[in-house]
There are 2 protein chains.
Amino acid sequence: MPAEQRRESILSAATEVFGERGYVGATTDAVAKAAGVSQPYVVRMFGTKENLFLEVLHRALERLLATFRGVIAEHPDEVGCEPLAGRIGAAYADLLADRGLLLSLMQAFMLGADPVVGPAAREGFLQVYRLLREEAGFTPEQADQFLSHGMMLNTLVAIGMAGDYASDPRARELVDVCLPSKAPLVVALAKKPA
Amino acid sequence: MPAEQRRESILSAATEVFGERGYVGATTDAVAKAAGVSQPYVVRMFGTKENLFLEVLHRALERLLATFRGVIAEHPDEVGCEPLAGRIGAAYADLLADRGLLLSLMQAFMLGADPVVGPAAREGFLQVYRLLREEAGFTPEQADQFLSHGMMLNTLVAIGMAGDYASDPRARELVDVCLPSKAPLVVALAKKPA
DNA sequence: GTCTATACGGCGATAGAC
DNA sequence: GTCTATCGCCGTATAGAC
């Protein structure tokens, strides 16, 4: 397999593993197994585990920003208006289908104390905020609202508030209220069989 | 020192360390050093690192719930009304002064995939939600709103979006909008010197 | 381009003295 | 009640073959 393609598959696997177990909890071996290669090969290709995580973070951010820009480009007349906020929110929720993407971002956000990952995470968070303010035309209050519900979504997914817990009436109510479009997301929220 | 008091100081130290580094990233040795005891003593007293974290999680939740109940008890006439939501929100923000408390909670929320911590975290999150709904009289939408901004606050603190980053205009704007009462919180948000 | 073998360090946990 | 010493595992990273 060509290196470029192998690289992609490892990054994809790493995104899932980092999202599930966190930066520290994830092992290069787990990433390797998920990608179907040997552990030393993962390290060889990315230098260090830290470097691999930074790549995952960078790509997740690029994907997120590109998705938002796509929505804005499709509805340039709505910049600064309410409907656009709803569209971008829906786009965000759709990204949950990519198991690991938003979770990896969230894991990075929790690493603010890390001397290397911390600055990258802060810069990434700011990039999103700037896009909302400067490209989507959100007011500061709209951006706060949007990001807050994004963090809530991330947290609900990370904590695994679905699956069996949906049997609890309050848990069901909580998930129902917090999730915009329920149907596709229940799938994303439920733990994968593996 | 009596065992009970020693226990308290270790739990307090552990709350800070777990909040800063996460469950996996924190070491029993770092907790021991922060508490001024030897590493084996920490393990001896709590059995395992996992057990220690569960204790930290439990105590943080108790503290959070007790704080909310205190506010409700002081204003029983406001149950189900808007002003109470503001009071509870302010109480939540005040808890940030206790460095580590809300961060440890957030770290636990990110461990949904863990077979032991995961269920405890979900149950804790639900306890908070039930309190808001059943004791504070929040509507589901109010609870969503409250929890969302709580998760946002946690995230901003965890990512360390303060200190030097306050020089960035957008970062300052973001923090200013998301934080209810700014003055006391800037202290909590800024990284401690150690 | 990918693997096997392995060195090396760190961390949780145990043993046992005082 | 608290420590020192230490074991053993696991995970990152390196060396080197194919």
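The model is predicted. Chain A and chain B bury about 4200 Å² between them, and the contact draws on 43 residues from chain A and 43 residues from chain B. Over all chains, the count of salt bridges comes to 24.

**Interface of chain A and chain B**

- The size of an interface is often given as the accessible area lost when the parts come together. For chain A and chain B, carbon and sulfur atoms give 64% of the buried area of about 4200 Å².
- Six salt bridges are found across the interface of chain A and chain B.
- Polar contacts across this interface, with both residues at pLDDT 80 or more, come to 19 residue pairs.
- On the side of chain A that touches chain B, at least two residues each come from α1 (3-25), α6 (101-109), α7 (117-135), α8 (140-159) and α9 (169-178) of chain A.
- The helix that gives the most to this side is α8(A), with 13 residues.
- Sorted by class, the side of chain A that touches chain B holds 23 nonpolar, eight polar and 12 charged residues.

**D168 in the two chains**

- Side chains of opposite charge can pair when their charged atoms come close. A:D168 and B:R130 form a salt bridge through their side chains, at 2.9 Å from N to O.
- In chain B, B:D168 sits in the loop between α8 (140-159) and α9 (169-178).
- Leaving aside residues up to four places away in sequence, B:D168 touches A:L126 and A:R130.
- A polar atom of the B:D168 side chain lies 2.7 Å from the backbone nitrogen of B:R170.

**Helices α4 and α5 of chain A**

- The axes of α4 (residues 49-74) and α5 (residues 82-94) of chain A come within 10 Å and cross at roughly 145°.
- The crossing of α4(A) past α5(A) is right-handed.
- On α4(A), the contact is made by A:L64, A:T67, A:F68, A:V71 and A:I72; on α5(A), by A:L84, A:R87, A:I88, A:A91 and A:Y92.
- By class, this contact of α4(A) with α5(A) comprises eight nonpolar residues, one polar and one charged.

**A salt bridge within chain A**

- A:R99 and A:E20 form a salt bridge, with their closest N and O atoms 3.8 Å apart.
- A:R99 is in the loop between α5 and α6 of chain A and A:E20 is in helix α1 of chain A, so this pair ties together parts 79 residues apart in sequence.

Note on methods: Residues numbered from 1 in each chain as written. Chains lettered and ligands numbered in written order. Predicted model: local features only at pLDDT ≥ 70, side-chain atom pairs only at ≥ 80, totals over all residues. Heavy atoms only, no water. Contact = heavy atoms within 4.5 Å. Buried area = accessible area lost by both parts, 1.4 Å probe. Salt bridge = Lys/Arg side-chain N within 4 Å of Asp/Glu carboxyl O. Polar contact = N/O pair within 3.5 Å; in protein donor to acceptor, adjacent residues only side chain to side chain. Helix = DSSP H or I, 4+ residues; strand = E, 2+ residues; numbered from the N terminus. Nonpolar A, V, L, I, M, F, W, Y, C, P; charged D, E, K, R; others polar. Axes fitted to C-alpha atoms, helices over the stretch in contact; angles between N-to-C directions. Left-handed = near helix turned anticlockwise from the far one by under 90°.
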